[in-house]
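Work through the following exercises with the sequence and the structure open beside you. Try each task before you read its solution.

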Amino acid sequence: MDKPEVLVAGASGYLGRFVVSEFARRGYTVRALVRNPEKLASEGPNLEPSVASLIEATVKGDAKDTASFKDACRDVDIVFSCMGLTKPQDNLTSEQVDHLGNRALLEDALTHGVKKFIYISVFNAEKMMNVDVVKAHELFVKDLQASGISYAVIRPTGFFSDMGMFLSMARSGHMFMLGDGENHVNPIHGADLAKVCVDAAESNEKEISVGGPDIYTFNETLNMAFEAVGKSPWITHIPMWIGDAALFVTGIFNRSLAGVLAFAVSVSGLDNVAPAAGTRHLKDFYRDLAAKAEKTGQQ
Ligand SMILES: NC(=O)c1ccc[n+]([C@@H]2O[C@H](COP(=O)([O-])OP(=O)(O)OC[C@H]3O[C@@H](n4cnc5c(N)ncnc54)[C@H](OP(=O)(O)O)[C@@H]3O)[C@@H](O)[C@H]2O)c1
(Lines give C-alpha, C1' and ligand atoms only; values in the text may rest on other atoms or scores of the structure.)
Protein backbone atom coordinates (compact mmCIF):
# COMPACT_ATOMS: atom_id res chain seq x y z
CA MET A 1 0.00 0.00 0.00
CA ASP A 2 1.18 3.51 -0.81
CA LYS A 3 2.37 5.54 2.18
CA PRO A 4 0.09 8.49 2.94
CA GLU A 5 0.63 11.89 1.37
CA VAL A 6 1.43 14.66 3.84
CA LEU A 7 1.27 18.42 3.37
CA VAL A 8 3.88 20.26 5.44
CA ALA A 9 2.97 23.92 5.97
CA GLY A 10 5.99 25.97 7.05
CA ALA A 11 8.35 23.53 5.28
CA SER A 12 11.00 26.23 4.72
CA GLY A 13 11.42 26.97 8.45
CA TYR A 14 13.71 25.43 11.07
CA LEU A 15 11.33 22.72 12.29
CA GLY A 16 9.57 22.34 8.92
CA ARG A 17 12.73 21.18 7.14
CA PHE A 18 13.44 18.48 9.73
CA VAL A 19 9.82 17.35 9.57
CA VAL A 20 9.97 17.10 5.76
CA SER A 21 13.16 15.02 6.12
CA GLU A 22 11.62 12.71 8.72
CA PHE A 23 8.39 12.11 6.78
CA ALA A 24 10.42 11.43 3.61
CA ARG A 25 12.76 9.07 5.52
CA ARG A 26 9.73 7.05 6.66
CA GLY A 27 8.45 6.78 3.08
CA TYR A 28 5.65 9.38 3.04
CA THR A 29 5.01 11.44 -0.07
CA VAL A 30 5.68 15.03 0.95
CA ARG A 31 4.01 18.15 -0.41
CA ALA A 32 5.28 21.52 0.86
CA LEU A 33 3.25 24.68 1.43
CA VAL A 34 5.58 27.69 1.49
CA ARG A 35 5.80 31.36 0.59
CA ASN A 36 9.25 31.09 -0.96
CA PRO A 37 9.86 27.74 -2.70
CA GLU A 38 13.43 28.77 -3.60
CA LYS A 39 14.39 28.66 0.11
CA LEU A 40 13.91 24.88 0.13
CA ALA A 41 16.97 24.35 -2.07
CA SER A 42 19.54 25.74 0.36
CA GLU A 43 20.59 24.96 3.93
CA GLY A 44 18.94 27.10 6.63
CA PRO A 45 20.82 29.43 9.01
CA ASN A 46 20.78 26.95 11.93
CA LEU A 47 22.12 23.87 10.12
CA GLU A 48 18.66 22.77 9.01
CA PRO A 49 18.94 20.81 5.75
CA SER A 50 18.04 21.69 2.21
CA VAL A 51 14.92 19.63 1.46
CA ALA A 52 14.01 20.42 -2.16
CA SER A 53 14.99 16.93 -3.35
CA LEU A 54 12.70 15.26 -0.76
CA ILE A 55 9.56 17.12 -1.83
CA GLU A 56 7.21 15.69 -4.44
CA ALA A 57 5.22 18.89 -5.03
CA THR A 58 5.29 22.48 -3.78
CA VAL A 59 2.28 24.73 -3.26
CA LYS A 60 2.91 28.44 -2.98
CA GLY A 61 0.78 30.19 -0.35
CA ASP A 62 0.95 33.11 2.04
CA ALA A 63 -1.17 33.60 5.16
CA LYS A 64 -1.61 37.26 4.27
CA ASP A 65 -3.76 36.04 1.37
CA THR A 66 -5.51 32.93 2.70
CA ALA A 67 -7.21 32.36 -0.68
CA SER A 68 -3.76 31.17 -1.79
CA PHE A 69 -4.27 28.04 0.39
CA LYS A 70 -7.30 26.92 -1.61
CA ASP A 71 -6.95 23.28 -2.71
CA ALA A 72 -3.50 22.94 -1.09
CA CYS A 73 -4.96 19.86 0.68
CA ARG A 74 -6.50 18.16 -2.36
CA ASP A 75 -5.59 14.43 -2.25
CA VAL A 76 -3.67 14.90 0.99
CA ASP A 77 -4.04 12.41 3.88
CA ILE A 78 -2.27 14.31 6.67
CA VAL A 79 -1.58 18.00 7.23
CA PHE A 80 1.32 19.01 9.45
CA SER A 81 1.58 22.73 10.22
CA CYS A 82 4.40 24.64 11.83
CA MET A 83 3.52 27.72 9.80
CA GLY A 84 3.90 30.60 12.21
CA LEU A 85 5.11 34.13 12.65
CA THR A 86 8.40 33.95 14.54
CA LYS A 87 9.99 37.15 13.19
CA PRO A 88 8.39 40.52 12.55
CA GLN A 89 6.72 40.71 9.11
CA ASP A 90 5.49 44.01 7.74
CA ASN A 91 2.05 44.68 9.11
CA LEU A 92 1.27 40.99 9.71
CA THR A 93 0.17 39.86 13.16
CA SER A 94 0.25 36.48 14.91
CA GLU A 95 -3.53 36.49 14.73
CA GLN A 96 -3.34 36.64 10.91
CA VAL A 97 -0.65 33.98 10.49
CA ASP A 98 -0.83 31.59 13.46
CA HIS A 99 -4.59 31.70 13.99
CA LEU A 100 -6.37 32.73 10.80
CA GLY A 101 -3.74 31.35 8.40
CA ASN A 102 -3.89 27.94 10.03
CA ARG A 103 -7.68 28.13 10.23
CA ALA A 104 -7.89 28.70 6.47
CA LEU A 105 -5.66 25.68 5.99
CA LEU A 106 -7.87 23.62 8.32
CA GLU A 107 -10.95 24.64 6.32
CA ASP A 108 -9.25 23.47 3.14
CA ALA A 109 -8.28 20.22 4.91
CA LEU A 110 -11.92 19.65 5.94
CA THR A 111 -13.13 20.39 2.39
CA HIS A 112 -10.79 17.74 1.00
CA GLY A 113 -11.42 15.06 3.63
CA VAL A 114 -7.93 15.12 5.19
CA LYS A 115 -7.70 12.40 7.87
CA LYS A 116 -5.43 14.07 10.43
CA PHE A 117 -4.09 17.54 11.24
CA ILE A 118 -0.95 17.93 13.36
CA TYR A 119 -0.16 21.34 14.78
CA ILE A 120 2.75 22.90 16.67
CA SER A 121 1.79 25.16 19.55
CA VAL A 122 3.95 26.18 22.51
CA PHE A 123 4.84 24.58 25.85
CA ASN A 124 3.42 26.41 28.90
CA ALA A 125 0.85 28.16 26.69
CA GLU A 126 -1.63 28.40 29.56
CA LYS A 127 0.85 30.54 31.52
CA MET A 128 1.45 32.97 28.62
CA MET A 129 -2.03 33.68 27.27
CA ASN A 130 -1.32 37.42 27.57
CA VAL A 131 1.26 37.06 24.78
CA ASP A 132 -0.28 37.60 21.31
CA VAL A 133 1.55 34.78 19.57
CA VAL A 134 0.67 32.25 22.26
CA LYS A 135 -2.96 33.35 22.29
CA ALA A 136 -3.11 33.04 18.48
CA HIS A 137 -1.66 29.50 18.67
CA GLU A 138 -4.22 28.47 21.24
CA LEU A 139 -7.16 30.08 19.42
CA PHE A 140 -6.24 27.87 16.49
CA VAL A 141 -5.96 24.84 18.80
CA LYS A 142 -9.57 25.52 19.88
CA ASP A 143 -10.68 25.66 16.22
CA LEU A 144 -8.85 22.40 15.56
CA GLN A 145 -10.42 20.65 18.55
CA ALA A 146 -13.89 21.85 17.55
CA SER A 147 -13.52 20.86 13.90
CA GLY A 148 -14.10 17.14 14.39
CA ILE A 149 -10.96 16.17 12.43
CA SER A 150 -8.53 13.72 14.04
CA TYR A 151 -5.66 15.85 15.38
CA ALA A 152 -2.53 16.11 17.48
CA VAL A 153 -1.20 19.25 19.15
CA ILE A 154 2.50 19.26 19.99
CA ARG A 155 3.76 21.70 22.60
CA PRO A 156 7.55 22.00 22.47
CA THR A 157 9.89 24.08 24.63
CA GLY A 158 12.52 26.26 22.87
CA PHE A 159 14.20 25.04 19.69
CA PHE A 160 17.98 24.93 19.31
CA SER A 161 17.52 27.48 16.49
CA ASP A 162 16.34 30.03 19.05
CA MET A 163 19.55 29.50 20.98
CA GLY A 164 21.55 29.96 17.74
CA MET A 165 21.29 33.74 18.03
CA PHE A 166 23.18 33.58 21.32
CA LEU A 167 26.30 32.53 19.40
CA SER A 168 26.52 35.73 17.38
CA MET A 169 25.95 37.73 20.56
CA ALA A 170 28.62 35.70 22.38
CA ARG A 171 31.04 36.49 19.56
CA SER A 172 30.63 40.19 20.38
CA GLY A 173 31.92 39.28 23.87
CA HIS A 174 28.88 40.47 25.82
CA MET A 175 25.28 39.36 26.33
CA PHE A 176 22.21 40.72 28.04
CA MET A 177 19.89 38.37 29.90
CA LEU A 178 16.42 39.28 31.15
CA GLY A 179 15.97 38.34 34.81
CA ASP A 180 18.50 36.38 36.86
CA GLY A 181 18.82 33.62 34.22
CA GLU A 182 18.22 30.89 36.80
CA ASN A 183 14.99 29.54 35.27
CA HIS A 184 15.33 26.15 33.63
CA VAL A 185 14.72 25.00 30.07
CA ASN A 186 15.22 21.79 28.09
CA PRO A 187 15.52 23.01 24.50
CA ILE A 188 15.15 20.55 21.64
CA HIS A 189 16.93 19.97 18.32
CA GLY A 190 14.72 20.15 15.21
CA ALA A 191 15.59 16.59 14.17
CA ASP A 192 14.62 15.20 17.60
CA LEU A 193 11.36 17.16 17.57
CA ALA A 194 10.61 16.04 14.01
CA LYS A 195 10.65 12.40 15.18
CA VAL A 196 8.05 13.26 17.84
CA CYS A 197 5.95 15.04 15.17
CA VAL A 198 5.98 12.11 12.76
CA ASP A 199 5.34 9.64 15.61
CA ALA A 200 2.24 11.75 16.34
CA ALA A 201 1.04 11.10 12.78
CA GLU A 202 1.25 7.38 13.53
CA SER A 203 -0.32 7.35 17.02
CA ASN A 204 -3.58 8.35 18.67
CA GLU A 205 -2.03 10.79 21.15
CA LYS A 206 -3.73 14.18 20.94
CA GLU A 207 -1.66 16.41 23.26
CA ILE A 208 2.10 16.06 23.42
CA SER A 209 4.39 18.28 25.50
CA VAL A 210 8.06 17.80 24.71
CA GLY A 211 11.57 19.14 25.30
CA GLY A 212 15.13 17.97 24.74
CA PRO A 213 17.21 15.51 26.81
CA ASP A 214 19.18 18.08 28.88
CA ILE A 215 17.95 20.65 31.39
CA TYR A 216 19.90 23.89 31.67
CA THR A 217 19.47 27.25 33.37
CA PHE A 218 19.26 30.12 30.87
CA ASN A 219 22.66 31.27 32.20
CA GLU A 220 24.14 27.87 31.31
CA THR A 221 22.84 28.14 27.72
CA LEU A 222 24.61 31.52 27.41
CA ASN A 223 27.82 30.26 29.02
CA MET A 224 27.93 27.38 26.54
CA ALA A 225 27.62 29.87 23.68
CA PHE A 226 30.61 31.84 25.01
CA GLU A 227 32.58 28.60 25.35
CA ALA A 228 31.78 27.60 21.75
CA VAL A 229 33.31 30.84 20.43
CA GLY A 230 36.25 30.77 22.87
CA LYS A 231 35.27 33.86 24.88
CA SER A 232 34.95 34.41 28.63
CA PRO A 233 31.33 34.79 29.70
CA TRP A 234 30.22 38.38 30.27
CA ILE A 235 26.50 38.59 30.97
CA THR A 236 24.56 41.63 32.14
CA HIS A 237 21.29 40.75 33.84
CA ILE A 238 18.42 43.15 33.22
CA PRO A 239 15.46 43.28 35.63
CA MET A 240 12.26 41.82 34.16
CA TRP A 241 10.38 45.12 34.66
CA ILE A 242 12.75 46.83 32.22
CA GLY A 243 11.89 44.16 29.63
CA ASP A 244 8.18 44.83 30.20
CA ALA A 245 8.66 48.59 29.93
CA ALA A 246 10.74 48.23 26.74
CA LEU A 247 7.97 46.04 25.29
CA PHE A 248 5.36 48.63 26.08
CA VAL A 249 7.33 51.35 24.28
CA THR A 250 8.17 49.08 21.31
CA GLY A 251 4.48 48.19 21.00
CA ILE A 252 3.60 51.84 20.40
CA PHE A 253 5.89 52.02 17.35
CA ASN A 254 6.06 48.46 16.04
CA ARG A 255 3.32 46.02 17.05
CA SER A 256 4.75 43.14 15.05
CA LEU A 257 8.22 43.42 16.67
CA ALA A 258 6.67 43.84 20.14
CA GLY A 259 4.57 40.70 19.59
CA VAL A 260 7.66 38.60 18.83
CA LEU A 261 9.70 40.12 21.69
CA ALA A 262 6.85 39.56 24.18
CA PHE A 263 7.25 35.82 23.71
CA ALA A 264 10.98 36.00 24.55
CA VAL A 265 10.30 38.14 27.62
CA SER A 266 7.62 35.76 28.92
CA VAL A 267 9.67 32.63 28.32
CA SER A 268 12.70 33.98 30.19
CA GLY A 269 10.51 34.55 33.26
CA LEU A 270 9.40 30.90 33.49
CA ASP A 271 10.75 27.40 34.00
CA ASN A 272 10.29 25.62 30.66
CA VAL A 273 10.95 21.95 31.28
CA ALA A 274 8.78 19.47 29.37
CA PRO A 275 8.93 15.65 29.16
CA ALA A 276 12.24 14.77 27.50
CA ALA A 277 12.80 13.27 24.06
CA GLY A 278 15.73 13.01 21.68
CA THR A 279 19.46 12.55 21.89
CA ARG A 280 21.01 15.75 20.60
CA HIS A 281 22.86 18.21 22.86
CA LEU A 282 22.98 21.99 22.73
CA LYS A 283 26.75 22.01 23.25
CA ASP A 284 27.27 20.03 20.02
CA PHE A 285 24.85 22.28 18.14
CA TYR A 286 26.78 25.39 19.24
CA ARG A 287 30.08 23.76 18.29
CA ASP A 288 28.83 22.86 14.80
CA LEU A 289 27.22 26.26 14.24
CA ALA A 290 30.37 28.06 15.42
CA ALA A 291 32.48 25.90 13.08
CA LYS A 292 30.19 26.71 10.15
CA ALA A 293 30.33 30.43 10.91
CA GLU A 294 34.13 30.30 11.06
CA LYS A 295 34.31 28.44 7.75
CA THR A 296 32.00 30.85 5.95
CA GLY A 297 33.31 33.97 7.69
CA GLN A 298 29.82 34.63 9.09
CA GLN A 299 29.41 36.99 12.05
N1 LIG B 1 11.39 28.45 17.82
C2 LIG B 1 10.98 28.02 19.01
O3 LIG B 1 11.74 27.97 19.98
C4 LIG B 1 9.55 27.54 19.17
C5 LIG B 1 9.14 26.97 20.38
C6 LIG B 1 7.84 26.50 20.49
C7 LIG B 1 6.95 26.61 19.41
N8 LIG B 1 7.38 27.20 18.26
C9 LIG B 1 6.45 27.30 17.13
O10 LIG B 1 6.82 26.36 16.14
C11 LIG B 1 6.52 26.87 14.83
C12 LIG B 1 7.75 26.75 13.94
O13 LIG B 1 8.83 27.47 14.52
P14 LIG B 1 10.23 27.63 13.73
O15 LIG B 1 11.21 28.09 14.74
O16 LIG B 1 10.51 26.44 12.89
O17 LIG B 1 9.85 28.88 12.82
P18 LIG B 1 10.49 29.40 11.45
O19 LIG B 1 11.82 28.84 11.20
O20 LIG B 1 10.34 30.89 11.45
O21 LIG B 1 9.47 28.80 10.36
C22 LIG B 1 8.15 29.28 10.25
C23 LIG B 1 7.57 28.81 8.94
O24 LIG B 1 6.30 29.50 8.75
C25 LIG B 1 6.35 30.16 7.48
N26 LIG B 1 5.59 31.40 7.49
C27 LIG B 1 5.79 32.50 8.25
N28 LIG B 1 4.93 33.47 7.89
C29 LIG B 1 4.16 32.97 6.89
C30 LIG B 1 3.11 33.50 6.11
N31 LIG B 1 2.71 34.77 6.25
N32 LIG B 1 2.55 32.70 5.17
C33 LIG B 1 2.99 31.43 4.98
N34 LIG B 1 4.00 30.88 5.68
C35 LIG B 1 4.58 31.65 6.63
C36 LIG B 1 7.83 30.47 7.28
O37 LIG B 1 8.05 30.80 5.91
P38 LIG B 1 9.39 31.61 5.46
O39 LIG B 1 10.48 30.58 5.48
O40 LIG B 1 9.05 32.09 4.11
O41 LIG B 1 9.59 32.70 6.46
C42 LIG B 1 8.44 29.16 7.72
O43 LIG B 1 8.29 28.17 6.74
C44 LIG B 1 6.04 28.31 15.05
O45 LIG B 1 4.63 28.34 15.01
C46 LIG B 1 6.52 28.66 16.44
O47 LIG B 1 5.69 29.61 17.11
C48 LIG B 1 8.66 27.64 18.11
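**Exercise 1.** In this predicted model, find how closely the axes of helix 1 and helix 5 approach and at what angle they cross, and then classify the crossing as parallel, antiparallel, perpendicular or oblique.

*Solution.* Begin with the axes: those of helix 1, residues 14-25, and helix 5, residues 190-201, come within 8 Å and cross at roughly 55 degrees. Next, compare this angle with the cut-offs, under which angles below 35 degrees count as roughly parallel and those from 65 to 115 as roughly perpendicular; helix 1 and helix 5 are therefore oblique to each other. Finally, look at the sense of the crossing, which is right-handed where helix 1 passes helix 5.

**Exercise 2.** List the residues through which helix 1 and helix 5 touch, and sort them into nonpolar, polar and charged.

*Solution.* On the side of helix 1, the contact is made by Tyr14, Leu15, Phe18, Val19, Glu22, Phe23 and Arg25, while helix 5 contributes Gly190, Ala191, Leu193, Ala194, Lys195, Cys197, Val198 and Ala201. Sorting the residues of this contact gives 11 nonpolar, 1 polar and 3 charged.

**Exercise 3.** Consider Asp71 and Asn124, and decide for each whether the residue is buried, partly exposed or exposed.

*Solution.* Asp71 is not a glycine, yet its phi is positive, near 70 degrees, and this residue lies in the loop between strand 3 (57-60) and strand 4 (78-81). Its relative accessible area is 28%, so Asp71 is partly exposed. Asn124, also not a glycine, has a positive phi of about 70 degrees and is found in the loop between strand 5 (116-120) and helix 3 (132-147). Here the relative accessible area is 5%, which is under the 20% limit, and Asn124 is therefore buried.

Definitions and conventions:
Residues numbered from 1 in each chain as written. Predicted model: local features only at pLDDT ≥ 70, side-chain atom pairs only at ≥ 80, totals over all residues. Heavy atoms only, no water. Axes fitted to C-alpha atoms, helices over the stretch in contact; angles between N-to-C directions. Helix = DSSP H or I, 4+ residues; strand = E, 2+ residues; numbered from the N terminus. Parallel < 35°, antiparallel > 145°, perpendicular 65-115°, else oblique. Left-handed = near helix turned anticlockwise from the far one by under 90°. Contact = heavy atoms within 4.5 Å. Nonpolar A, V, L, I, M, F, W, Y, C, P; charged D, E, K, R; others polar. Buried < 20%, exposed > 50% of the residue type's maximum accessible area, 1.4 Å probe, protein only.
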